[in-house]
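The sequence and the model are shown first, and the description follows.

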Amino acid sequence: MPDYGVTPQGFVRPRLPELRAEIIEAMRANLRAKGLPDDIETRPDSVMGVIIDTFADREAAIWEMGEGVYYAMYPGSAIGAALDRAVSFAGVRRLAAERSRAVVVLYGLAGTVVPAGAQIRHRATQSLWQTSQAATISAAAAADVRIAPTVQDSTVYTVTVDAVDYSYTSGAGATVSEILAGLVAALSSSDLDVSSDGAAIRLVATTQMAVNITLTPNLQFVQIGTAVLAQTIDPIPEDAAPGDLNTIVTLVDGWQAVTNLQAGSVGREQETDAQLRARYQNGVFRLGAGTLPSIGPNLLNDVSGIADIRVFANNTDTVDADGRVPHSIHVVVDGGVDEDIAMAIYTYKGGGIDTNGDVVKVLSTDEGQQTIKFDRPTKIYVWVQAQITLLPPTEQAFPADGFEQIARAINTVGQAHGIGQDVRLQRFFCEIYKTPGIADVALSFARSTNPAFEPTSGDFTEANITIDSVEKAIFDLSRIEVT
């Protein structure tokens, strides 16, 4: 069979009728070679025809297996475990299912040990999360504390943060409000978020997970909170907005409260074959180091929970038009825990390269303290109205759940938008028209940075939405209306 198998045009597999014809011809040629008549009956309902069909079916199965082995070598056609092995030659691997994660603050009595696996409940979904390691509530590992003063005249009040003193000296006739105001002013130069409620000052660590805080005797801790990483028990994608993880399930003496001060990192299910193929072309850059194309794939591979990432660079000697400092990179990342992202950026950026962004993290490394900056994308929430004109039922029937199919199609296309990707009308039509019975569709969009925004008819327009380089369009079925 010279025309079949591995050819310059690829793998060519014969069909079952062609295999049957080849077997018949081979049998007749062998009969003639033995001096026997070759006028055998080959009809499918004859004895010889049944024998021929039996061997043709088996040979067809072998050819199909050979074709499968051939295509299993290439990322574009391999599936399952074969796809995993095909992409591994370029250093790419399938993203495994991941738990959702968040940094939570444990509040309670100093010295209280909260064990690894202590459970916390999500207030909205009621799902269970658990701490990933044991943590001791302590001012030496403070993430969120409240401090109250004892009113004394002409006295020095000192808060020491990581061996740096911040002091205020009270005057004659001092009051609580004056002392608090003085301490807030003194601490304003620290890296902590400082505020006062009139009875105590609150210090929240922002650039680090924990700081060591000590006080002079005229100051007392009203509340001490220590941070620890928590995650869902099972690998599921679950969003945890600030304050969502606020219920203690595992009772521990001295552990009084818990909350997450920042949004969590949404987990994911195992990457599908289609998703892996789509990522493969970028994943090969992961083998690089310190180059712009390699930073994003490396962060995506190493940091759990990243949904999308984009990396910019300013190679000039001056601040660029977007405010990026000279010789720097600017990482915009959706998902992941702040500390993990900062450490990965430090690991993969080139030496001497600065960073940009509103999220600032101070890392303790073998090379000393390192300040890493990055940004979160500004979320642009999109509302969609789709007005459908149907074909006559005699021409093509519209399914009973057609409106739901269209809404899901719009949502699928919308959720595939990445950071900085414009929302264009034409991108949606292909998926929408997969639902039968549609004659025409009119799409209109509304946008807002506030998810609680309620658009009116005047807010919708039949025009594309321009998304800036550090923004991301956010779609949800609850904001899609199909009529």
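## The end of helix H2

Leaving aside residues up to four places away in sequence, Tyr-71 is in contact with Phe-11, Ser-77 and Ala-78. The model described here is a predicted one. Tyr-71 belongs to helix H2, which covers residues 47-71. Between Tyr-71 and Gly-10 there are 61 residues of separation in sequence, while their C-alpha atoms lie 9.5 Å apart in space. Tyr-71 counts as partly exposed because its relative accessibility is 32%, and a residue is called buried under 20% and exposed over 50%.

Strands S10, S9 and S13 form an open sheet in the order S10-S9-S13, and the pairing is antiparallel. At the edges are strand S10 (164-169) and strand S13 (213-215), each of which pairs on one side only. Neighbouring strands of this sheet are turned against each other by 20° on average, with direction ignored. Helix H4, made of residues 176-187, packs on the sheet and touches S9 and S10. The direction of H4 makes about 145° with that of S10.

Strands of a sheet are held in pairs by backbone hydrogen bonds, in either a parallel or an antiparallel arrangement. Strand S9 (residues 156-161) is joined to S13 by three bridges in the antiparallel sense, and Val-159 stands opposite Leu-215 of S13. S9 and S10 pair in the antiparallel sense as well, over six bridges. Here Val-161 has Val-164 of S10 as its bridge partner. The hairpin of S9 and S10 has two residues between the strands, and in this hairpin Asp-162 takes a positive phi near 50°.

## Helix H7 and its cover

Helix H7 (338-348) is mostly covered, with eight of its 11 residues buried. These buried residues are Asp-338, Glu-339, Ile-341, Ala-342, Ala-344, Ile-345, Tyr-346 and Tyr-348. The elements that cover them include the strands S3, S18, S19 (354-355), S20 and S21 (368-374), together with helix H6 (292-302).

## The second largest pocket

Empty space can be located by rolling a probe the size of a water molecule over the atoms. The second largest pocket holds about 260 Å³ of space. Its lining has 15 residues, and those closest to the centre of the pocket are Ala-205, Thr-206, Leu-261, Gln-262 and Lys-361.

Which elements supply at least two residues each to this lining? They are strand S3 (101-108), strand S12 (201-205), helix H7 and strand S20 (359-365).

How values were computed. Residues are numbered from 1 along each chain as its sequence is written. This is a predicted model: local features need pLDDT of at least 70, side-chain atom pairs count only at pLDDT 80 or more; totals for chains, interfaces and linings use all residues. Side-chain values use heavy atoms; hydrogens and water are left out. Two strands pair if DSSP finds at least two bridges between them. Helices (H or I, at least four residues) and strands (E, at least two) are DSSP runs, numbered from the N terminus. Axes are lines fitted to C-alpha atoms, for helices over the stretch in contact, and angles run from 0 to 180 degrees between N-to-C directions. Contact means heavy atoms within 4.5 Å. On a 1 Å grid over the protein atoms alone, a cavity is a set of points where a 1.4 Å probe fits but cannot get out, and a pocket is an open set with protein on both sides within 12 Å along at least five of seven lines; lining residues have an atom within 4 Å of a point. Grid points are joined across faces, edges and corners, and a volume is the space filled by probe spheres set on the points. Buried means under 20% relative accessible area, exposed over 50%, partly exposed in between (1.4 Å probe, protein chains only).
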